[in-house]
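The following exercises are to be worked with the sequence and the three-dimensional model at hand. Each task is followed by its solution in steps.

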Amino acid sequence: MSALAAETGAINLSQGFPGFPVSEDFKRILADTIHQNVHQYAPMQGLLTLREQIRQVVDQEYQRKIGAGDILITAGATQAIFTVVQALVNEGDEVLIIDPAYDCYRPAIDLVKAKAVHVSLDNELRLDVGAIEDALTPKTRMIIVNNPHNPTGTVFPKSQMDSLVGVLEKYPDCFILADEVYEFINFLGEPVSFNYYPQLFDRLICISSFGKTLHATGWKVGYLTAPDKIMKEILKVHQFLVFSVSHFAQSAIAEYLKIFDIKELAGFYRAKQEILSNSLSKSSLKLMPCSGTYFQVVDISGVTDMGDVDYAIWLTKEKGVATIPLSVFYTSQPFSNYLRLCFAKDEETLLKAGDILCQI
Ligand SMILES: Cc1ncc(COP(=O)(O)O)c(C=O)c1O
């Protein structure tokens, strides 16, 4: 859809990346960093200064104590996910993923010849804990849970996380891969992270991305946390996949985290979501609840009989607004009436897109 947007000159609310620059402080720190000794390999597990900063973030945000040794700096969350699956999942294992699912899970599972078991959200795009429980078997080696959730823009609330954790406690051999790249863009304000559940810590791998937290997707720096015995296995893959991650990027991020206020992130994106939703208040598109990430889903069933893919193409070509159809995130498509709009854009872009969409 981004390619089509570029070709047609449409406003691009499709691909999920910020349409505004990183802060001047961040740029200045990067420029200063370049003059330091940051041009050779960084340590395999990541710069200690950066892992110390992350350790403090995890402590402050979740009151969870981990050591720097429990943290691995990765080339974005994508590498973290791939590395974890390669390290822990074997041929014939089952891996449970929740549809609509972020697109890098399935290829990682397929490559190790494991079986991906897909469980869909319910029709209102809520977590279906009953369906997850039905799909878990003694062969389930891993479950991947993304919360706050892309592409739906929902946050699975604490009550649902509590029941999910209750179910997972019955499967002590199942690893939990928590894709929490939008952990700080949570408008519910409830403690929903897996970091709050100590009963799972011995088999929990949490993944985050500075691409999302610092509005810098192009830096491709993320991290994962895992207990010692799991980290040992993960490092065996990491060593020969990337060995180590960009030294100057790690160094600049470690410095910037000293002044960056993570707590402001949710309010920052909430304001953008409100601009978009207010600008769509007179639209015939139905806004689905949005409680996190930088994605707003709209229901198109009131305005067209077309499927979401055809409608998204029509919208881009004929009206000049590019979006993403939600059905592409499903293996078997239960419905095709939702589009995803990315609101990590400047106000002018959001208002312009809102104006166009209101005329439909
Ligand atoms: C749910 C989810 N997981 C992982 C990623 C990948 O993050 P990164 O760019 O750090 O590889 C994204 C990026 O859009 C995402 O939305």
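**Exercise 1: a helix and its buried side**

Identify the buried residues of helix α2 and state what they pack against.

Step 1. Helix α2 spans residues 24-33, and F26, I29 and T33 are buried in it (buried: under 20% relative accessible area with a 1.4 Å probe, protein chains only; helices: DSSP runs of H or I, at least four residues, numbered from the N terminus).

Step 2. These residues cover an arc of only 65° around the axis, which puts them on the same side of α2; the arc is that of the directions from the helix axis to the C-beta atoms.

Step 3. The buried residues of α2 pack against α10 (247-256), contact being heavy atoms within 4.5 Å.

The model is predicted: local features need pLDDT of at least 70, side-chain atom pairs count only at pLDDT 80 or more, and totals for chains, interfaces and linings use all residues. Residues are numbered from 1 along each chain as its sequence is written, and side-chain values use heavy atoms, without hydrogens and water.

**Exercise 2: the largest pocket**

Determine which elements and domains line the largest pocket.

Step 1. The lining has 27 residues, with G16, Y102, N150, Y182 and K212 nearest the centre of the pocket (pocket: an open set of points on a 1 Å grid over the protein atoms alone, where a 1.4 Å probe fits, with protein on both sides within 12 Å along at least five of seven lines; lining residues have an atom within 4 Å of a point).

Step 2. Two or more lining residues come from each of α4 (76-88) and α8 (210-213); α4 gives the largest share, four residues.

Step 3. Domain 1 (2-16 + 263-358) and domain 2 (24-256) both contribute to the lining, so the largest pocket lies between them; the bounds come from an automatic or database domain assignment.

Key. Buried < 20%, exposed > 50% of the residue type's maximum accessible area, 1.4 Å probe, protein only.
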